[in-house]
Amino acid sequence: MQHVNETPLLQKQAQNISLESELFSIPMGDYQKFYCQRFLEAIKLDYTMAGHPSSAFWVINSIKVNESEKDTHFLFVSEGEVTLNSINGEFLLRKNCFAAVPGNFSLDGSAQVLVATRLNYTGLFTIGGPIEPLGRLNYIDGCSSTVLINPLRRGEPCLNFLHVPPGVSQTPHTHPSLRIGLVAAGSGICQVDEGTFKMEPGTVFCLPENKLHSFSAIDDSLRIIIYHPDSDVGPTDDSHTMLNNTFVGEKSAKVLDAIRTK
């Protein structure tokens with residue numbers, strides 16, 4: 001465990017790890033707990049009882065996911081390269097690339113990959129990357145962010161990139177839903193009630209909903225990939241680019257109920 005102060009919670013959590021289908025798994029009862037560890041072994045975290053049911057895999061080299069036709073998996077390659085196979089075809093993913101994969105899939109190669117899964121949600125197959133040095137959107141305390149994979153509708157899951165500049169300590173804050181993340185580059189710390197945890201390339205973490213936390217970059221910036229199981233922005237049936245920018249005369253179709261699709 002990569003933390004500065006040893007804590008009974010994380011010691012107990014580590015003792016509960018058990019072997020399951022070639023992956024280490026933390027029991028479902030621990031879904032509400034904070035998790036932070038260096039990417040040293042294959043691990044599965046089960047958050048299926050959370051408000052937005054999700055699971056997380058830290059994959060080393062290979063994995064085959066079956067019986068997941070109704071789910072969507074958000075992938076990020078931390079190190080190496082890996083071949084992704086799914087119903088959409090075969091694709092090579094290199095370091096700092098990301099993807100959204102609905103349904104069953106397999107990975108094979110020499111790599112470390114974060115896989116965050118949103119259960120009972122069908123997204124669009126997407127591949128992108130590599131991530132950029134800085135985020136494109138202003139965030140808080142001098143940090144910036146980029147939405148790497150956008151929600152298809154408001155409320156649906158997304159994948160984000162966070163940049164924390166050197167010397168910046170975030171204001172302690174919470175999020176109303178789970179966060180699953182991985183440090184892609186840089187170094188720093190994460191401060192939570194349980195203690196202060198080291199953040200370095202390959203560190204993976206899970207923040208339960210409403211968990212008070214803050215990230216700090218010490219001598220180097222932090223570049224973090226973060227899965228959100230939900231969103232508060234995105235298109236809706238009542239407001240999206242196609243609808244809003246369709247005009248009949250001088251009126252947007254958004255306000256023309258007579259022609260809008262019901």
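Let's start with a term: buried means under 20% relative accessible area, exposed means over 50%, and partly exposed is in between, using a 1.4 Å probe and protein chains only. Strands are DSSP runs of E, at least two residues, and helices are runs of H or I, at least four, numbered from the N terminus.

What you see is a predicted model, where local features need pLDDT of at least 70, side-chain atom pairs count only at pLDDT 80 or more, and totals for chains, interfaces and linings use all residues. Residues are numbered from 1 along each chain as its sequence is written, and side-chain values use heavy atoms, leaving out hydrogens and water.

Now, strand β13. It spans residues 158-164, and seven of its seven residues are buried. Cys158, Asn160, Leu162 and Val164 point one way. Leu159, Phe161 and His163 point the other way.

Which strands pair with β13? Two strands pair if DSSP finds at least two bridges between them. Strand β12, residues 144-149, is joined to β13 by five bridges, antiparallel. There, Ile149 stands opposite Leu159. Strand β17, residues 214-228, pairs with β13 over seven bridges, also antiparallel. Here Leu162 faces Ile224.

Next, two single residues. Contact means heavy atoms within 4.5 Å. Ser86 sits in strand β6, residues 72-86. Ser86 is buried, at 15% relative accessible area. Beyond its neighbours within four places in sequence, Ser86 contacts Val101, Asn104, Phe105 and Phe125.

Gly129 lies in the loop between β10 and β11. Is Gly129 buried or partly exposed? Partly exposed, because its relative accessibility is 41%. Gly129 and Cys97 are 32 residues apart in sequence, yet 4.3 Å apart in space, C-alpha to C-alpha.
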